[in-house]
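Subject: Structure for you to look at

Hello,

Here is the structure I promised you. Please open it and keep it beside this email while you read.

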Amino acid sequence: MSANSSTLGQRLWQGPLCAGWKQDMEGALYHLANCVLLLGFMGGSGVYGCFYLFGFLGTGYVCYVLWGWFNACGLDIVIWNFLLAMTCLLQLAHLVYRLRKDTLPEEFDLLYKTLCVPLQVPMQAYKEIVRCCEEQVLTLATEQTYAVEGETPINRLSLLLSGRVRVSQDGQFLHYIFPYQFMDSPEWESLPPSEEGVFQVTLTAETPCSYISWPRKSLHLLLAKERYISRLFSVLLGYDISEKLYALNEKLFAKFGLCFDIRLPSLYHVLGSAASDAGPESEKEDEEVHEPAPAPPQAMPTPVQHMPPCSPRPAATHPPAQPSRARMSRPDSDGLGEDSTSLVLEDFEEVSGSESFMDYRSDGEYMR
């Protein structure tokens with residue numbers, strides 16, 4: 001063992017065994033092959049990085065084959081480099097096949113770039129989502145209804161791709177749905193998988209629309225099987241519902257002059273119906289408020305008279321009815337006083353038929 005190690009050490013530390021170095025350099029194909037291989041090994045990752053890598057490596061090995069055939073005249077050089085070049089070509093063919101297999105229709109490709117790329121969703125997970133909706137793009141004509149209030153069952157979840165949809169309830173406009181927003185996210189979140197229900201709003205297309213739709217049962221099975229996809233839908237649906245609530249919040253602020261913090265689904269319906277019922281009365285009260293009030297008579301001093309104590313009156317069987325409180329119109333100023341604030345809260349209690357579930361803050365917002 002020691003003799004073999006000493007012989008190997010001598011071979012390593014001694015000078016080269018070549019009797020003499022070649023004076024002429026190799027041909028241009030040899031140096032070109034080395035340059036191409038150097039460029040190939042500088043490739044990045046990903047699908048396009050693999051295209052770059054194997055493309056340059058295959059070209060370099062082909063140059064080695066030509067150099068071994070014309071200059072080196074070595075059969076082993078030609079065979080090995082030919083095998084390596086064929087391996088690179090097969091790898092390129094596999095990459096092309098994968099790209100053609102992963103190709104999606106234009107609508108789904110744009111949807112992936114808009115919603116999934118910012119969240120770094122893998123293509124494989126996105127393909128599972130697309131497969132669940134059967135890669136079908138549905139359309140709506142102008143003024144065609146997607147759902148009718150109290151009639152259409154909640155049996156799917158849809159995402160708008162193009163166009164604009166109007167949401168209304170009892171003929172009253174609520175908000176719009178724009179591209180890449182869910183059309184029925186509140187219904188999806190409010191209804192458990194084991195129950196059935198119908199829409200409480202009407203969805204009408206204002207422009208020609210296109211959308212994709214997932215059947216309710218199929219999507220629930222996919223979410224139960226794939227935890228990552230379930231979390232992804234939870235994030236997207238939560239953001240979509242918050243956007244709809246903010247749209248309703250702005251609608252309420254523009255109508256009442258107060259910025260409500262919406263926490264119950266029926267709040268807008270209650271307040272909207274109350275405002276529509278009290279519309280003519282509020283206009284009359286506004287006219288009465290703007291009329292100049294007569295100057296109060298000046299109080300005259302009266303002498304103090306000592307009256308004998310009166311006997312207490314008998315208790316009434318029925319207590320006197322309280323006078324109805326007149327609703328005050330919203331003042332023109334930005335802020336509201338304490339009296340007007342209390343009246344607004346009392347009006348809301350009368351309309352809803354229950355105690356107020358919110359506390360009013362000094363900055364004009366309602367909180368739980």
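E134 counts as exposed, because its relative accessibility is 54% and the cut-off for exposed is over 50%. Its place is the loop between α6 and β1 (138-140). E134 is not a glycine, yet its phi is positive, at about 65°. Keep in mind that this is a predicted model.

Q120 belongs in the next paragraph of your notes. This residue is not a glycine, and it has a positive phi of about 60°. You will find Q120 in the loop between α5 and α6. Q120 is exposed, with a relative accessible area of 70%.

Now turn to the helices beside these loops. Which residues of helix α5 (residues 106-116) are buried? They are F108, L111, Y112 and C116. These four cover an arc of only 105° around the axis, so they lie on the same side of α5. The face turned away from that buried side carries the exposed residues E106 and K113.

What do the buried residues of α5 pack against? Their partners are α6 (123-132), β3 (156-162) and β7 (209-215). Helix α6 has buried residues too: A125, Y126, K127, I129, V130 and C132.

Helix α2 spans residues 28-40 and helix α3 spans residues 46-72. Their axes come within 8 Å and cross at roughly 165°. That angle is over 145°, so α2 is roughly antiparallel to α3. The crossing of the two is left-handed.

Which residues make this contact? From α2 come L29, Y30, L32, A33, N34, V36, L37, L39 and G40. From α3 come Y52, L53, F56, L57, T59, G60, Y61, C63, Y64, L66, W67 and N71. In this contact of α2 with α3, 16 residues are nonpolar, five are polar and none is charged.

Last, the whole chain. It has 12 helices and nine strands. Of its 368 residues, 29% count as buried. Take the contacts between residues at least 6 apart in sequence: 67% of them join residues at least 24 apart.

Best wishes

Technical notes
Residues are numbered from 1 along each chain as its sequence is written. This is a predicted model: local features need pLDDT of at least 70, side-chain atom pairs count only at pLDDT 80 or more; totals for chains, interfaces and linings use all residues. Side-chain values use heavy atoms; hydrogens and water are left out. Axes are lines fitted to C-alpha atoms, for helices over the stretch in contact, and angles run from 0 to 180 degrees between N-to-C directions. Angles under 35 degrees count as roughly parallel, over 145 as roughly antiparallel, 65 to 115 as roughly perpendicular and the rest as oblique. A crossing is left-handed if the near helix is turned anticlockwise from the far one by less than a right angle, and right-handed if clockwise. Contact means heavy atoms within 4.5 Å. Ala, Val, Leu, Ile, Met, Phe, Trp, Tyr, Cys and Pro count as nonpolar, Asp, Glu, Lys and Arg as charged, and the others, Gly among them, as polar. Buried means under 20% relative accessible area, exposed over 50%, partly exposed in between (1.4 Å probe, protein chains only). The arc is that of the directions from the helix axis to the C-beta atoms.
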